[in-house]
Amino acid sequence: MEGPEAPPYVPPLAVKVMRVSAPFFASRSVPMFETCSEGAQELQVPHSVTHVDGEVWDAIKSTYARGSDSTFTDAPTTLRDMVYTDQLVLPGSFGTVSVGETFHAIVSVTNTSPDMVRSVRLMVELRSDKTDKFASTMHMLADVSAPELAAGAQLTAKVCHSIDTPVTHALVCHMQHDRPPVHSFAKQYRFPIHSPPFVMQSDIHTLDDTHGAGPHACHRTLVRLLLQNTSSRPLRLEELALDTESWHASSVDACGHILMPQDIRAYVFVLEPHTPISPLMFRDALLNATDHTQLVSCAIPLGHVQVAWRIPKGEPGRLRIGPLQHHLRLPRPVHGLFADLHLEAHDAWHVDQTCHATLHLNVWAIEKSLLGSETRLTLVMDDAWDHVLMHGPHQHTLPVVLEECMNFRIPCELTPLRRGLVPTGGMMLQHEQATVRAWKRLAHIHTT
């Protein structure tokens with residue numbers, strides 16, 4: 001005969017996870033009304049109004065039972081005249097977590113056995129699943145212990161973590177104790193992550209240097225952010241900023257802006273670099289490009305977007321989006337040299353009047369083996385100067401000892417020959433009978 005079956009093993013510890021969320025005041029579900037005794041005028045009820053039984057009015061009145069019938073002592077208004085009652089309820093999003101929100105929870109371990117349990121340890125981890133776009137992550141949120149846990153006693157830990165990826169997460173609770181036969185076990189709580197209540201698009205623009213902006217203004221960069229509220233509730237912006245280290249970014253006063261459902265708002269940041277943008281930053285990309293195109297793709301990091309928001313009856317959110325990058329396509333170096341040319345005017349442009357200007361020529365030695373060598377650079381005008389007359393020589397020869405960065409300032413005099421937006425001609429920089437770079441239109445000038 002077989003003996004009686006052993007009872008199933010029951011761990012001496014039980015774990016519970018409780019989501020922590022800030023409550024809000026409940027709103028009224030029916031319109032407010034006054035009786036004649038409270039000052040309302042007696043009106044003749046039309047025959048089309050359906051009679052309402054007294055029990056229905058009693059049910060309506062019960063919705064104002066807490067805090068809605070008492071009056072303020074120092075104010076003429078009553079609580080029942082306001083939109084909200086004094087009842088606290090959980091937000092409508094309770095039980096769901098969205099990207100940008102902070103997940104708060106309390107993990108409680110209870111000794112459900114009649115005896116004392118010793119060497120109790122609770123470890124809480126938050127893990128995210130791996131997808132095609134996001135790698136799996138693991139964050140240790142809590143590690144607490146108690147030398148002894150009496151019958152019915154609890155060991156608790158408060159955990160929080162900011163959610164920044166829209167993938168399924170799992171809260172894993174590891175428990176250890178000294179009670180045989182099993183000294184440790186784990187429980188896992190999985191929950192999906194919803195998308196944030198908005199979508200953001202970014203556009204990056206630079207000032208076109210063909211309009212005679214000068215060597216400094218052409219480095220100015222504009223970042224336009226488009227925010228659209230994709231939720232069904234109003235969205236209130238608390239913060240919108242561009243966090244960057246190598247740029248000076250203008251501030252945008254977006255705090256308090258309300259975006260109704262499907263609303264779109266545009267915000268523009270003006271960025272100016274702390275140091276001028278140099279092709280030496282992209283030396284490896286320019287020298288090691290494997291394709292045979294004349295332009296090489298390079299990227300300039302601009303920073304991250306910091307955005308914070310609130311939604312009625314929802315959790316506050318905060319996200320750090322980015323990094324934003326400005327992609328450039330730079331011409332390949334010729335003979336290991338890279339050049340840039342800008343026209344800076346010192347006077348206003350008037351038709352048939354001479355204007356004093358300066359040509360700013362910057363030359364970089366991309367190949368380090370060229371440093372210290374003597375050579376000649378030649379800046380030559382092309383034949384397209386039909387609407388602007390350049391006085392003086394049409395060719396400038398520059399004997400140089402090559403350095404990493406060389407700056408040349410060439411004064412010139414120009415006379416526009418017609419009004420309006422007038423294009424100048426072009427120029428070429430030559431080195432040992434090879435064209436380092438050609439500028440088809442040096443600038444477009446506004447002439448009066």
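**View 1. Three aromatic pairs are found in this structure, and the stacked one brings together Phe103 and Phe191.** Welcome to a predicted model, in which local features need pLDDT of at least 70, side-chain atom pairs count only at pLDDT 80 or more, and totals for chains, interfaces and linings use all residues. Residues are numbered from 1 along each chain as its sequence is written, and side-chain values use heavy atoms, with hydrogens and water left out. Rings of Phe, Tyr and Trp (its six-membered ring) pair if their centres lie within 6.5 Å; planes under 30 degrees apart count as stacked, over 60 as edge-to-face and the rest as tilted. For Phe103 and Phe191, the centres are 5.0 Å apart and the planes make an angle of 15°. This pair links distant parts of the chain, 88 residues apart: Phe103 sits in strand E5 (residues 102-111) and Phe191 in strand E10. Strands (E, at least two residues) are DSSP runs numbered from the N terminus. Phe103 is buried at a relative accessible area of 6%, and Phe191 is buried at 13%; buried means under 20% relative accessible area, exposed over 50% and partly exposed in between (1.4 Å probe, protein chains only).

**View 2. Phe338 and Trp364 form a tilted pair.** Their planes meet at 55° and their ring centres are 6.0 Å apart, so the pair counts as tilted. Here too, distant parts of the chain are linked: Phe338 belongs to strand E20 and Trp364 to strand E21 (residues 355-365), 26 residues apart. Phe338 counts as buried because its relative accessibility is 6%, and Trp364 is buried with a value of 7%.

**View 3. His169 is a buried residue of strand E9 (residues 169-176).** Its relative accessible area is 4%. A polar atom of the His169 side chain lies 2.7 Å from the backbone oxygen of Val167. Looking beyond residues up to four places away in sequence, His169 touches Leu126, Arg127, Ser128, Ile163, Tyr189, Arg190, Phe191 and Ile193, where contact means heavy atoms within 4.5 Å.

**View 4. An open sheet of four strands has antiparallel pairing in the order E12-E13-E17-E15.** At its edges are strand E12 (198-206) and strand E15 (247-249), each pairing on one side only. The twist averages 25° from one strand to the next, with axes as lines fitted to C-alpha atoms and angles running from 0 to 180 degrees between N-to-C directions. Two strands pair if DSSP finds at least two bridges between them; nine bridges join E12 to strand E13 (residues 221-229). One to look for is that of Met200, whose bridge partner in E13 is Leu227.

**View 5. Two cis peptide bonds are worth a visit, Pro180 to Pro181 and Gly322 to Pro323.** Most residues other than glycine have a negative phi, and most peptide bonds are trans. Omega is about 5° between Pro180 and Pro181, and Pro181 lies in the loop between E9 and strand E10 (184-191). From Gly322 to Pro323, omega is near 5°, and Pro323 is found in strand E19 (residues 317-331).

**View 6. Ser119 and His335 have positive phi values.** Ser119 has phi near 55° and lies in strand E6 (residues 117-128). With a relative accessible area of 47%, Ser119 is partly exposed. His335 has a phi of about 55° and is placed in the loop between E19 and strand E20 (337-345). His335 is partly exposed, at 37%.

Notes
A polar contact is a pair of N or O atoms within 3.5 Å; within protein, one must be able to donate a hydrogen and the other to accept it, and residues adjacent in sequence count only if both atoms are side-chain atoms.
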